[in-house]
Amino acid sequence: MSQVFKRDIATADSQEIRLYLAAKASKFNAESPTDCLLRYYKSWKPPRSPADSALADIVAVVTEIHRAVTTNDPRVDVAALLSSVYPMFALTASCDTDSMILDHCKMHYIAANAIVHG
């Protein structure tokens, strides 16, 4: 994934990212493409802490999304959390490290959104 994180993911519906996720997820045996993606997503780690405080808020929500999706927590409205962090696709990061973290968050969004709405 590190190669993908070096790119600027500009949209939540990036065809390139969706194809990348589908290819990676296809290596996991499951009944459906969504289940394969969920198994792949469970292997991910939450994003690390950025220097920027606004991005830190996004990381906190993305971390909660990851936890809720991977544990299938019915108490969490994942769709609402996804909506709350969607504006990150309009953000730019001030340093290379935060840029990679932002792209990591965007990948989490795209995968979780596909799982939830799959």
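**Labels and their grounds**

Colleague: Why is Cys-36 called buried?
Modeller: The model is a predicted one. Cys-36 has a relative accessibility of 10%, and buried means under 20%, so Cys-36 counts as buried.

Colleague: What makes Cys-105 buried or exposed?
Modeller: The relative accessible area of Cys-105 is 0%. The limit for buried is under 20%, and therefore Cys-105 is buried.

Colleague: Why is Asn-72 called exposed, whereas Glu-16 is called partly exposed?
Modeller: Exposed means over 50% relative accessible area, and partly exposed lies between that value and the 20% limit for buried. Asn-72, at 65%, therefore counts as exposed. Glu-16, in helix H2, has 44% and so is partly exposed.

Colleague: What makes the phi of Asn-72 worth a remark?
Modeller: Most residues other than glycine have a negative phi. Asn-72 is not a glycine, yet its phi is positive, at about 55°. This residue lies in the loop between H4 and H5.

Colleague: How do you know that Asp-98 has no salt bridge?
Modeller: The cut-off for a salt bridge is 4 Å. For Asp-98, which is buried, the nearest side chain of opposite charge is that of Arg-48, 7.7 Å away; hence no salt bridge is assigned.

Colleague: Which residues, then, surround Asp-98?
Modeller: Asp-98 is found in helix H6. Residues up to four places away in sequence aside, Asp-98 touches Pro-50, Ala-51, Asp-52, Leu-55 and Ala-93. A polar atom of the Asp-98 side chain lies 3.0 Å from the backbone nitrogen of Ala-51.

Colleague: Which residues have the most contacts inside the largest nonpolar core?
Modeller: They are Leu-21, Tyr-41, Ile-65, Met-88 and Tyr-109, in a core of 33 residues. Helices H2, H3, H4, H5 and H6 each give two or more residues to this core. H6 gives the most, with 9 residues.

Colleague: What is Tyr-109 in contact with?
Modeller: Beyond its neighbours within four places in sequence, Tyr-109 is in contact with Ala-12, Leu-82, Val-85, Tyr-86, Met-88 and Phe-89.

Conventions. Residues are numbered from 1 along each chain as its sequence is written. This is a predicted model: local features need pLDDT of at least 70, side-chain atom pairs count only at pLDDT 80 or more; totals for chains, interfaces and linings use all residues. Side-chain values use heavy atoms; hydrogens and water are left out. A nonpolar core is a set of buried Ala, Val, Leu, Ile, Met, Phe, Trp, Tyr and Cys residues joined through side-chain atoms within 4.5 Å. Buried means under 20% relative accessible area, exposed over 50%, partly exposed in between (1.4 Å probe, protein chains only). Helices (H or I, at least four residues) and strands (E, at least two) are DSSP runs, numbered from the N terminus. Contact means heavy atoms within 4.5 Å. Lys and Arg count as positive and Asp and Glu as negative; His and the chain ends are not counted. A polar contact is a pair of N or O atoms within 3.5 Å; within protein, one must be able to donate a hydrogen and the other to accept it, and residues adjacent in sequence count only if both atoms are side-chain atoms.
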